[in-house]
Amino acid sequence: MSSSVATQPPPPVAGAPPAGRAQRSLLSRVLGRPEIGALAAAIVIFAFFYAVAEPFRTLPALATVLYASSTIGIVAVGVALLMIGGEFDLSAGVAVTTSALAAAMFCFQFSLNMWVGVLVSLLIALAVGAVNGYLVMRTGIPSFLITLSTFFILQGVNLGVTKLVTGTVATPNTSSLDGFSSAKAVFASDIDLGFITLKVTVLWWLLFVAVGTWLLL
């Protein structure tokens, strides 16, 4: 007489990879990172201009490139977070101009400290973002269309209100106002590293990138 004996698979070994999943190499894990594509593109573009443009190989040119990149990159951090969340903001660039114009005119017309203008600029930028977000949530209209409308509205406001207040489409020089020097030191000063002189906006850019990276992680 025979008897059947039920057998069970041995328990998995601690630390062993799950069944059916091969252990990925370090190179595969690195190449699987979503930011590698952007990094590779940046390296290719840098190598191209380094090869074809001799002035690009100098440190002053690198400082200029970093400064231009930082002014765009600070805005790009917020836009990137929106895009990762499935939304978009076409009004980000013109909102920067709106907040700067409003702050300069507000301080000049009322002879206020420049740091008041900094606060006004921040509040206007936050208000534009809040209105965009509110309209997207309340109406269900795609953020692309909402922010495209905001873009055209702010563009008209920038020209119309500035022309109405100042008589031109530019703001007066605010360098003589109280607090201008300290505000410039924080937001627009030069940092001499000995071998290269960087704009402080580069450091602000790196700070915002670090904060954005921490939020995503």
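Student: Is threonine 162 buried or exposed?

Tutor: Here's the general idea: buried means under 20% relative accessible area, exposed over 50%, and partly exposed in between, with a 1.4 Å probe and protein chains only. Threonine 162 has 1% relative accessibility, so threonine 162 counts as buried. Keep in mind that this is a predicted model, where local features need pLDDT of at least 70 and side-chain atom pairs count only at pLDDT 80 or more, while totals for chains, interfaces and linings use all residues. Residues are numbered from 1 along each chain as its sequence is written, and side-chain values use heavy atoms, with hydrogens and water left out.

Student: Where does threonine 162 lie, and which residues is threonine 162 in contact with?

Tutor: Threonine 162 lies in helix 6. Helices (H or I, at least four residues) and strands (E, at least two) are DSSP runs, numbered from the N terminus. Contact means heavy atoms within 4.5 Å. Leaving aside neighbours within four places in sequence, threonine 162 is in contact with Leu101, Met105, Val157, Gly167, Thr168, Val169 and Ala170.

Student: What about leucine 154: buried or exposed?

Tutor: Leucine 154 is found in helix 6, which covers residues 143–166. Leucine 154 counts as buried because its relative accessibility is 10%. Not counting residues up to four places away in sequence, leucine 154 touches Val94, Ala95, Thr98 and Val128. Take Thr98: threonine 98 and leucine 154 are 56 residues apart along the chain, yet their C-alpha atoms are separated by 6.7 Å.

Student: How do I read the packing of helix 4 and helix 6?

Tutor: Two packed helices are described by the angle between their axes and the distance between the axes. Axes are lines fitted to C-alpha atoms, for helices over the stretch in contact, and angles run from 0 to 180 degrees between N-to-C directions. Angles under 35 degrees count as roughly parallel, over 145 as roughly antiparallel, 65 to 115 as roughly perpendicular and the rest as oblique. Here, helix 4 (residues 92–110) and helix 6 cross at roughly 20°, and their axes come within 9 Å. Helix 4 and helix 6 are therefore roughly parallel to each other.

Student: What is the handedness of that crossing?

Tutor: A crossing is left-handed if the near helix is turned anticlockwise from the far one by less than a right angle, and right-handed if clockwise. For helix 4 and helix 6, the crossing is left-handed.

Student: Which residues in helix 4 and helix 6 meet?

Tutor: From helix 4 you have Val94, Ala95, Thr97, Thr98, Leu101, Met105 and Gln109, and they meet Phe151, Leu154, Gln155, Asn158, Val161, Thr162, Val165 and Thr166 in helix 6. By class, that contact has eight nonpolar, seven polar and no charged residues. Ala, Val, Leu, Ile, Met, Phe, Trp, Tyr, Cys and Pro count as nonpolar, Asp, Glu, Lys and Arg as charged, and the others, Gly among them, as polar.

Student: At what angle do helix 5 and helix 6 cross?

Tutor: They cross at roughly 140°, with axes that come within 9 Å. That makes helix 5 oblique to helix 6. This crossing is right-handed. Val128, Asn132, Leu135, Val136 and Thr139 in helix 5 meet Ser143, Ile146, Thr147, Thr150 and Leu154 in helix 6. The residues of this contact divide into five nonpolar, five polar and no charged.

Student: And how does helix 5 pack with helix 7?

Tutor: Helix 5 (residues 114–139) and helix 7 (residues 180–187) pack at about 50°, their axes 7 Å apart. That makes helix 5 oblique to helix 7. On the helix 5 side, Met114, Trp115 and Val118 meet Phe180, Ser182, Ala183, Val186 and Phe187 in helix 7. This contact has seven nonpolar residues, one polar and no charged.

Student: What is the phi of serine 111?

Tutor: Most residues other than glycine have a negative phi. Serine 111 has a positive phi of about 50°, although it is not a glycine. Serine 111 lies in the loop between helix 4 and helix 5, and serine 111 counts as exposed because its relative accessibility is 60%.

Student: How many helices and strands does the protein chain have?

Tutor: The protein chain has eight helices and two strands. From the N terminus on, the elements run α-α-α-α-α-α-α-β-β-α. Of the 217 residues, 20% count as buried.
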